[in-house]
Amino acid sequence: LSEASLARFARRAGAPVPAPDIAALRDELHAVAARPPAPVPAFDRITLARRDRIFAPEALTLAWEDQADRLRWTETGHNPFAGWQSWAEALA
């Protein structure tokens, strides 16, 4: 993790990170990587983004193939929440 790699990630994710603390973010990434696997979640719907530049749509499709009937695709990037004004709109 570096300022350059974080800036690239933030640009692709559509989520700028003002004045990042690289050391703290690096520690957080190491802590997340050290955790045991999380339980498989059960969702009633799964929203995926076709223009995601972090996770390719093909990879997302494979990751959620056992819940394909719950998938909903948006024509957004990695962060679809920026385009919604309320939870009601996000859940529509």
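T74 sits in strand β2, residues 71-74. Helices and strands here are DSSP runs, numbered from the N terminus, with at least four residues (H or I) for a helix and at least two (E) for a strand. Before going on, a word on the source: this is a predicted model, where local features need pLDDT of at least 70 and side-chain atom pairs count only at pLDDT 80 or more, while totals for chains, interfaces and linings use all residues. Residues are numbered from 1 along each chain as its sequence is written, and side-chain values use heavy atoms, with hydrogens and water left out.

Back to T74. Is T74 buried or exposed? T74 counts as buried, at 10% relative accessibility. Buried means under 20% relative accessible area, exposed means over 50%, and partly exposed is in between, with a 1.4 Å probe and protein chains only. The side chain of T74 also makes a polar contact with the side chain of T76, at 2.8 Å. A polar contact is a pair of N or O atoms within 3.5 Å; within protein, one must be able to donate a hydrogen and the other to accept it, and residues adjacent in sequence count only if both atoms are side-chain atoms.

Next, the salt bridge. A search of the whole structure finds one. Which residue pairs with E75? The partner of E75 is R50, and their closest N and O atoms are 3.0 Å apart. E75 lies in the loop between β2 and α4, and R50 in the loop between β1 (46-49) and α3 (57-63), so the pair ties together parts that are 25 residues apart in sequence. The term means a side-chain nitrogen of Lys or Arg within 4 Å of a carboxyl oxygen of Asp or Glu. E75 is partly exposed at 48% relative accessibility, and R50 is partly exposed at 42%.

Now the surface. F81, W87 and L91 make a nonpolar patch of about 380 Å². Patches are made of residues with over 30% relative accessible area and no salt bridge; like charges are joined within 9 Å, and nonpolar side chains (Val, Leu, Ile, Met, Phe, Trp, Tyr) within 5 Å. Accessible areas come from the Shrake-Rupley method with a 1.4 Å probe, and for residues only the protein chains shown count as cover. L91 is in helix α4, residues 87-91, and is partly exposed at 47% relative accessibility.

Last, A19. A19 is not a glycine, yet has a positive phi of about 45°. Most residues other than glycine have a negative phi. A19 is exposed, at 77% relative accessibility.
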